[in-house]
Amino acid sequence: MQLGQVFPAQYQALLDSKVSEMQQLFRPFGIDQTEVYPSSPEHYRLRAEFRIWHEGDDMFHIMFDPVTKSKQRIDYFPIACKTIADFMPVLLEALKKRPLLRNRLYQIDYLASLTGELLVSLIYKKPIPAEWQAEAAALKAELSSIQNIDFIGRARKQKILVDRDHLIETLQVQNRQLQYQQIENSFTQPNGEVNQQMLSWACDIAKQLQGDLLELYCGNGNFSLALAPYFNQVVATEIARSSIRCAEYNITLNNINNVQVVQMSAEDVSAALAQGQTLKNINLAELTLNTILVDPPRAGLDPATEQLVSRFDDIIYISCNPQTLALNLETLCKTHQVQQFALFDQFPYTHHIECGVWLKKITL
């Protein structure tokens with residue numbers, strides 16, 4: 001596929017190929033049924049990052065081919081949601097008229113919401129002058145009639161806001177609307193529509209469970225908030241302090257009162273539970289933690305976390321790397337049996353795919 005392009009007519013065939021590959025990879029684990037959740041074939045991505053190339057009076061977005069390293073001009077980006085794709089050329093034309101904002105501009109990062117908010121980070125190689133904020137505010141006012149937008153200026157050791165560094169995403173999860181603060185330069189699910197499908201899938205599983213939920217790698221509370229109605233208590237853990245603050249904000253934003261967020265790594269949680277210690281100020285003896293949800297980074301679960309997870313009656317495992325998921329299942333399937341397996345096409349036209357697995361402890 002040409003860099004930055006999509007071919008909707010090929011989408012289903014490419015997805016079918018990924019599904020076939022995944023079915024072959026996971027067949028040894030007794031998975032005979034696969035739920036498949038497709039993406040929109042175009043305008044699906046809510047995040048995009050581009051280098052900016054300057055040629056005389058002209059400037060444009062570029063991407064680098066991952067193999068040849070050659071640069072390719074991007075005038076329109078159909079992978080991005082319409083909010084981003086339609087605004088990119090508008091922004092460049094406006095920046096060309098404002099030398100203070102365009103000079104030494106190195107990169108532009110876009111973050112959008114399904115509801116049409118847009119947050120744009122202008123990234124510079126040199127220090128940002130004091131006049132930048134007023135000029136960016138004027139640009140925001142100029143463009144506000146066509147786009148709900150905010151700007152951030154970034155350079156080494158500098159982060160300058162016009163108004164705010166986040167947007168509020170609204171997700172439809174079955175019959176509920178959930179709002180999430182999403183902070184610039186932090187992880188968010190890139191395909192919002194598929195994320196809604198993923199959350200709904202997890203909720204359908206949670207309806208069949210009971211007790212309390214422990215979640216590792218909770219991020220901004222993406223799953224915590226969605227699953228809260230189906231458990232008595234949710235204990236969500238995360239290592240990044242910025243994500244913890246965001247999750248706590250989102251809990252308040254959605255008026256949820258049964259989710260507690262703890263700043264701990266998965267390794268520390270494993271050690272604490274193995275030694276019978278408390279998780280910060282949470283008395284585990286008062287909880288019935290029989291379900292665990294993990295959404296680990298691409299490296300998957302380390303051996304200690306595998307052992308922790310295998311102690312739970314039910315496991316909901318969300319994976320962004322099928323290869324490490326398969327390695328983890330070699331251990332987890334010694335104590336658990338796969339109940340449901342789903343593929344979420346978060347990243348069309350690439351070899352990447354998101355997996356969801358529900359495992360239940362084998363009873364003798």
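A residue counts as buried when its relative accessible area is under 20%. With that cut-off in hand, welcome to a short tour of this predicted model. D345 has a relative accessibility of 1%, so it counts as buried. Its salt-bridge partner is K18, and a search of the whole structure finds 16 salt bridges.

**The K18–D345 pair**

- K18 and D345 form a salt bridge in which the closest N and O atoms are 2.6 Å apart.

**Helix 1 against helix 10**

- Helix 1 (residues 8-26) packs with helix 10 (residues 322-332) at an angle of about 20°, and their axes are 10 Å apart.
- That angle makes helix 1 roughly parallel to helix 10, because angles under 35 degrees count as roughly parallel.
- The crossing of helix 1 past helix 10 is right-handed.
- On the helix 1 side the contact uses M22, L25 and F26; on the helix 10 side it uses P322, Q323, L325, A326 and L329.
- Sorted by class, the residues of this contact are seven nonpolar, one polar and no charged.

**How helix 10 is covered**

- Helix 10 is mostly covered, with eight of its 11 residues buried.
- Which residues of helix 10 are buried? They are P322, T324, L325, A326, N328, L329, T331 and L332.
- The cover over these buried residues includes helix 1, helix 9 (303-309), strand 15 (314-319), strand 16 and strand 17.

- Within helix 2 (residues 82-96), E93 and K96 lie three residues apart, about one turn of the helix.
- E93 and K96 form a salt bridge, with 2.9 Å between the closest N and O atoms.
- E93 has a relative accessible area of 43% and is partly exposed; K96, at 24% relative accessibility, also counts as partly exposed.

**Helix 2 against helix 4**

- Helix 2 packs with helix 4 (residues 132-143) at an angle of about 130°, their axes being 11 Å apart.
- That angle makes helix 2 oblique to helix 4.
- Helix 2 passes helix 4 in a right-handed crossing.
- Helix 2 brings F87, V90, L91, A94 and L95 to this contact, and helix 4 brings L139, E142 and L143.
- By class, the contact of helix 2 with helix 4 has seven nonpolar residues, no polar ones and one charged.

**Loops and backbone angles**

- Where does K157 lie? K157 is in the loop between strand 7 (149-155) and strand 8 (158-161).
- K157 is not a glycine, yet it has a positive phi of about 65°.
- With a relative accessible area of 77%, K157 is exposed.
- Y217 is another residue other than glycine with a positive phi, near 60°; Y217 is found in the loop between strand 11 (212-216) and helix 6 (222-227).
- T115 has its place in the loop between strand 5 (105-112) and strand 6 (118-124).
- Leaving aside residues up to four places away in sequence, T115 touches I168, E169 and T170.
- T115 and V162 are 47 residues apart along the chain, and 21 Å separates their C-alpha atoms.

**Two further spots to look at**

- K159 forms a salt bridge with D165, the closest N and O atoms being 3.0 Å apart; K159 counts as partly exposed, at 36% relative accessibility.
- P303 lies in helix 9 and counts as exposed, at 61% relative accessibility.
- From C-alpha to C-alpha, P303 and I244 are 25 Å apart in space, and in sequence they are 59 residues apart.

Methods
Residues are numbered from 1 along each chain as its sequence is written. This is a predicted model: local features need pLDDT of at least 70, side-chain atom pairs count only at pLDDT 80 or more; totals for chains, interfaces and linings use all residues. Side-chain values use heavy atoms; hydrogens and water are left out. Axes are lines fitted to C-alpha atoms, for helices over the stretch in contact, and angles run from 0 to 180 degrees between N-to-C directions. Helices (H or I, at least four residues) and strands (E, at least two) are DSSP runs, numbered from the N terminus. Angles under 35 degrees count as roughly parallel, over 145 as roughly antiparallel, 65 to 115 as roughly perpendicular and the rest as oblique. A crossing is left-handed if the near helix is turned anticlockwise from the far one by less than a right angle, and right-handed if clockwise. Contact means heavy atoms within 4.5 Å. Ala, Val, Leu, Ile, Met, Phe, Trp, Tyr, Cys and Pro count as nonpolar, Asp, Glu, Lys and Arg as charged, and the others, Gly among them, as polar. A salt bridge is a side-chain nitrogen of Lys or Arg within 4 Å of a carboxyl oxygen of Asp or Glu. Buried means under 20% relative accessible area, exposed over 50%, partly exposed in between (1.4 Å probe, protein chains only).
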